[in-house]
Structures are given as structure tokens and as C-alpha cells.
Amino acid sequence: MKTLLLVVSISIYTYASSQITLTKDDFATGGDTVRMSQTTDPTIDFASTGAAYTWDFSGLTVNSQLVKDFRSMSGAPTFVQFLFGPFAPSKYQASYYIESTALPIAQLTSFLPVTIDNLFAFTRRSADSLTSVGYSMVVSGNDVPFQSDTIETRYDFPLAFGNTHFSRGYTLVDFNPILDAKWNQHRTRTTEVDGYGSITTPFGTFNALRIRHDITESDSLYYTFPFIGATWIPIPIPASHEYEWWTNGQKEPILRITTNELLGNETVTAIEYRDIDRHLDAGINELEIAMDIFPNPAQNELFIATLQPMKSIEVINSSGERVLSVEANGTKETVQLSGLASGAYQVIVKSESGLGIKSFIKR
């Protein structure tokens, strides 16, 4: 009985210790770039979660890719530097800025006689939080930056299973003197770390925290309208939800699913996941060739076999970086791994007819 209790105790300890904690260092900062794949699946299961859960999204198929560019503040325009650079109040000193869809530009330009381009959101990354501090846009050729009057907290650090937080954000966009118009954005965010466990995507398998954000937004526009005069009018914004799976050191979620809610029903509007370069310029249909690798896990050597002669072999680490590249000319090749650190990798094989991609573990 004592032996059984000891085994159970060790198992419980190992189980509990598999939970991870996220800090600011697991999130991107200025100068980082992160590759994400995008796909569609209206039936994807975004609701299932819990303690010690296993999520399997290995069947996701890439439709397109983007590289998120977390721009360093040193490259921001001078006027933007004044509001978000090192001389701004500390709470507004941004760590980076990135292209954003947080304001409904299409709706704005449908009402206003101006062009609006290049919307960027500014983020401050500190030891205890990740906050949204403001935006900038180009309005009819003019740079217009604006600080958020109430700063929204997107993440509280450290993040662990069971954590919750609530935050508000308020931003007033004044288009004067370019145009006598104003835009009000009110947002609320309720965040809960509602699961932990193991997630598998085409990028690999990781220990992860599952984070749910419930977001409501109430916007309004002030403008002098024909036949109405100067007035505020409400702009309807549907409630939205973000479901994210984060692991350590990947800068962005392993998977993010976004939904909009209408009459209590959620519709999936976006799916993106952390990935490597899938060489989509070669065509989606060329992503699959018959190949096999062994052993897996591997130690010093990885053997690769294909039906078509290989042209080249690349090994990509868990950060999406190419760490090994060799030429090949047969259907059987051996890759030397002794110079690589232990961890998760992917091997990409190119042939005349397309690509083959497999994940493996280096011991």
C-alpha cells in the first residue's frame, strides 16, 4: 500500500508540474518577426478545454501565411516618437508597434470624406503586463497618432492556469484639424486562463496554457451629417472572443481562434497558428510528397527515404529558424544531427514534384 501511495504521489507531482507559466519573455517585443499560417474551418472545436487537457489540431491545412513584424520604436516617425517613444510618460512608452485591424477602418471611411491607411497599434511590454497604449494612422496623407485615454491590459503576468482579469480601454480619435470629426472606442476585456495541457498542430506538440478573451466594444462617431447636423452616432461592433494556446518562447500563440457572437451564437472569423515557411509560392498542392524519417526521436543521425529523388533537405527549429541545409540527389539520405541542441524540429525535403515536411525530436 505504501508503494502504491508513493507511485500515486509521484504521478500527481509530475502531472501538476507539467503546467507551465507565461511571463513577458514569452511574448514578442520590438524587432521580432513571427510566421503564422492561416486557415478556415467553421466547425473547429474552440470550446473544449480544462485541466490536463489534450488538444489535437494536427489536421489543420494552411491556406495562406503572414509574417508578423513587431516593429522597433526606433524606426517610428518623429511625431509618433513624441507620443510613444522614450520621452513619453512611462505608461505610454511602447515596446513595439504592429499593423492592426482594431479600428473598423472600412466603416470610418464609409462615413468620412478622407482616406485612412496604415493603422498601427502600439504595445507596452513590462514585467507585469502587456498593454495597448494607442494607435497611429495615415489620414489623407498625414500621420495621426493618438494615445488611449484608458489603457487596456491584454495580459497580466505571470500567467498560470486559473488566472482571470478584467480591463477597460477607452480611446478618442480626434481628426482635427484635418477634418472636424471624432471617433470614440470603448472596449472591455475579460480574460481567463481556462485550460492547460498538450496541444498538437502542424507546427508540433507543446505544453500549453489555453487563454480565453471575451471582448465587447461600443464605438461612436461624431460628424456633421447632411440633413442631421453635428451629432454622435453609434457604430455597431459585434461581441468577439479570442481563444489562444500559448507555450514558452514562441512569441505568439501556437494557435489563435477568433469568433464573433450574434444572438448567443459564435461564428469563427479567423484561425491562425504558429508555423514555419511552407513555401506557398510553390503552390499549396505541392506541399505533399511521400517520405519517411527514422528514428524519431533521433540522436546523432536522421534517415530520410522518399519515392522521388531529393534535391535539398532543411532542418527548422521550434522558432522557425533554419539550422541545417544540405544538398541531396537520391531517394535515401542521412542527416547528421550531432551539432544540434535537443528539442523539437521539422525537416523539409524538396524534390522536383514538391515538398515533404515531417516533425521529429532531437535527443
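The model is a predicted one, so please read every distance and angle here as computed from it. From that pair we move on to the other aromatic contacts, then to the salt bridges, and finally to the strands and a couple of individual residues.

**Aromatic pairs**

- Y155 and W246 belong to one aromatic cluster, together with F27 and F157.
- Across the whole structure, a search turns up 19 aromatic pairs.
- One of these pairs is F57 with W245: the ring centres are 5.3 Å apart and the planes meet at 65 degrees, so the geometry is edge-to-face.
- F57 sits in the loop between β2 (53-56) and β3 (64-69), while W245 is in strand β12 (residues 239-246), so their pairing ties together parts of the chain that are 188 residues apart in sequence.
- F57 has a relative accessible area of 8%, so it counts as buried.
- W245 is buried too, with a relative accessibility of 0%.
- The rings of Y155 and W246 have centres 5.8 Å apart and planes at 75 degrees, so this pair is also edge-to-face.
- Because Y155 lies in strand β7 and W246 in strand β12, their pair ties together parts that are 91 residues apart in sequence.

**Salt bridges**

- The structure holds 15 salt bridges.
- E252 and R256 form one of them, with their closest N and O atoms 3.3 Å apart, and both of these residues are buried.
- R256 also forms a salt bridge with E272, where the closest N and O atoms are 2.5 Å apart.
- This second pair links distant parts of the chain, since R256 is in strand β13 (residues 255-262) and E272 in strand β14, 16 residues apart.
- R256 has a relative accessible area of 11%, so it is classed as buried.
- E272 is likewise buried, with a relative accessible area of 11%.
- Another salt bridge joins R322 to E314, with 3.2 Å between the closest N and O atoms.
- What is the relative accessibility of R322, and is the residue buried or exposed? R322 comes out at 56%, so it counts as exposed.
- E314, its partner, is buried, with a relative accessible area of 9%.
- Salt bridges with shared partners join K68, E244, E252, R256 and E272 into one network.

- Strand β6 (residues 129-139) and strand β7 (residues 142-156) run antiparallel and are joined by 10 bridges.
- Within this pairing, S132 of the chain stands opposite E152 in β7.
- The two strands form a hairpin with 2 residues between them, and S140 in the turn has a positive phi of about 50 degrees.
- T153 is another residue of strand β7.
- With a relative accessible area of 17%, T153 counts as buried.
- Leaving out residues up to four places away in sequence, T153 touches S129, L130, T131, H165, S167 and R189.

**The sheet β15-β16-β19**

- Three strands make up an open sheet in the order β15-β16-β19, and their pairing is antiparallel.
- The edges are β15 (291-294) and β19 (332-336), each of which pairs on one side only.
- On average, neighbouring strands of this sheet are turned by 20 degrees against each other, with direction ignored.
- β15 is joined to strand β16 (residues 301-306) by 4 bridges, and the two run antiparallel.
- In that pairing, D292 stands opposite A305 in β16.
- As a general point for reading strands, side chains in a regular strand alternate between the two faces of the sheet.

**V268 and its surroundings**

- V268 has its place in strand β14 (residues 265-274).
- Which residues are in contact with V268, leaving aside its neighbours within four places in sequence? They are D41, P42, I44, F46, I257, T258 and T259.

Notes: Residues numbered from 1 in each chain as written. Predicted model: local features only at pLDDT ≥ 70, side-chain atom pairs only at ≥ 80, totals over all residues. Heavy atoms only, no water. Pairing = 2+ DSSP bridges. Phe/Tyr/Trp six-rings, centres within 6.5 Å; stacked < 30°, edge-to-face > 60°. Buried < 20%, exposed > 50% of the residue type's maximum accessible area, 1.4 Å probe, protein only. Contact = heavy atoms within 4.5 Å. Salt bridge = Lys/Arg side-chain N within 4 Å of Asp/Glu carboxyl O. Axes fitted to C-alpha atoms, helices over the stretch in contact; angles between N-to-C directions.
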